[in-house]
Structure formats: structure tokens, C-alpha cells
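Work through each task before you read its solution.

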Amino acid sequence: ARARDGDTRFRRRFAEAGLAAGRVAGAICNLVNPELVIVGGDMIVAGAVLVDAVRAGLAQTTIAAVRSDVRVVAATLGDRAELLGAIGLAIAEADISAVARVA
């Protein structure tokens, strides 16, 4: 919260962490070429300071073709992200025809 509110020292720390995370994410993006990188976790309280730094770090390490395809956004699901992701995966992987036969 202090970084988001303008505390220079905290902003600098979050920016450094975001830049490092973005560089690592950029290397991974070069391998898998995702459309979206979602920044979340406990540090997301820093808001745009962190997301912008991740975006900058990612830009330093990705190749041009990947860089133009990927968007970096802040997570919006909060504490329920893992649960909602697991539910979504279960639905996506479910054999709907088997469920229809049981019903």
C-alpha cells in the first residue's frame, strides 16, 4: 500500500522486484509465447508500480514477436484464484458425454 501511495523507497523496492520477475517471465514467454501474463500474489498490493515493472522486465528479455503478442495485467481474482482455476480446469477436462449418460 505504501508503494501505491507514493512512498519512494517502497516504490523502488517493488519496481526492482517486478523488473526481476519480468525478466524471468520474459525468458519463459520466449519458450511458450503466451497471450497473457497475469501478475498476482501478495505483492500485487503495489498495483501499477509492480505491473509496470514486470512489463518493463519482460520487454527486456522477450524477442520482438513474443513481445508484441503478450499482455501483462494485474490479477483480479484475489484469494480465490487457485480455487476458481481448479474449478475451471475440472470443467474443461471433464468428459461431458460421460456426465450426460449418468444424468
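**Exercise 1.** Find what share of the protein's contacts with a separation of 6 or more comes from residues 24 or more positions apart.

Solution. A contact means heavy atoms within 4.5 Å. Among contacts with a separation of 6 or more, 74% join residues 24 or more positions apart.

Before going on, know that this is a predicted model, where local features need pLDDT of at least 70 and side-chain atom pairs count only at pLDDT 80 or more, while totals for chains, interfaces and linings use all residues. Residues are numbered from 1 along each chain as its sequence is written, and side-chain values use heavy atoms, leaving out hydrogens and water.

**Exercise 2.** Work out how the protein is laid out along its sequence.

Solution. Start with the pieces: there are 5 helices and 2 strands (DSSP runs, numbered from the N terminus: H or I with at least four residues for helices, E with at least two for strands). Now read along the sequence, and you get α-β-α-α-β-α-α.

**Exercise 3.** Check the span of helix α1, then list its buried residues.

Solution. Helix α1 covers residues 8–32, so 25 residues. Next, the buried ones (under 20% relative accessible area, 1.4 Å probe, protein chains only) are Phe14, Gly18, Gly22, Ala25, Gly26 and Cys29. Their cover includes β1 (36–39), α2 (48–61) and α3 (64–69). Finally, Asn33 follows α1 with a positive phi, near 45°.

Technical notes: The expected span of a helix is 1.5 Å times one less than its number of residues. Buried means under 20% relative accessible area, exposed over 50%, partly exposed in between (1.4 Å probe, protein chains only).
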